[in-house]
Amino acid sequence: QALHPNAKPPATWAALALSFVEVCLKQACVTIKVISESAEQCIRTMIESAAPAGLPKVLTRLCAAASDKAVHLRLTAVESLNVALDCWSGLARTGRRWAEVQEALRHFLSDADEPVRRAARICYWAFHAQAPEA
């Protein structure tokens, strides 16, 4: 059965999505381009499928990737975070999740890798559109 556009996804979907995001983030760092790109696309599709309510635990995992050693993982995480901020208009804008996003954005914006910083600036404006007071 199809979900109403404003309905929250079932709880089982949230658990599966978190598991898949964990695996796909690891796969996004492999050197085989077709696997890496497929993993990135899978993450984006899961994020878009969870709109508008979002999946807070996935958001937490993406924020945790801000301090990872792998540059490509940080880039994938910030790009996915940007997609989540664009798509998840129903996500609560207060509390621990927004604090995690703010902290992750600080890490991404001060990253040593220029493409990560560029993606982080785009993500910052998506965050600012969601929460201008933050």
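1. The model is predicted, so local features need pLDDT of at least 70 and side-chain atom pairs count only at pLDDT 80 or more, while totals for chains, interfaces and linings use all residues. Residues are numbered from 1 along each chain as its sequence is written, and side-chain values use heavy atoms, with hydrogens and water left out.

2. Helix α5 (residues 96-109) has 14 residues, helices being DSSP runs of H or I with at least four residues, numbered from the N terminus. Its buried residues (under 20% relative accessible area, 1.4 Å probe, protein chains only) are Arg 97, Trp 98, Val 101, Ala 104, Leu 105 and Phe 108. They lie on the same side of α5 because they cover an arc of only 120 degrees around the axis, the arc being that of the directions from the helix axis to the C-beta atoms. An α-helix has 3.6 residues a turn, so residues three or four places apart point the same way.

3. The buried residues of α5 pack against α3 (56-64), α4 and α6 (114-130), whereas Arg 96 and Arg 106, on the other side of α5, are exposed, that is, over 50% relative accessible area.

4. Asn 82, found in helix α4 (residues 71-87), counts as buried because its relative accessibility is 14%. Leaving aside neighbours within four places in sequence, Asn 82 is in contact (heavy atoms within 4.5 Å) with Ile 122, Cys 123 and Ala 126.

5. Val 30 lies in the loop between α1 (11-27) and α2 (33-49), and Val 30 is partly exposed, with a relative accessible area of 30%.

Terms used. Helices (H or I, at least four residues) and strands (E, at least two) are DSSP runs, numbered from the N terminus. The expected span of a helix is 1.5 Å times one less than its number of residues.
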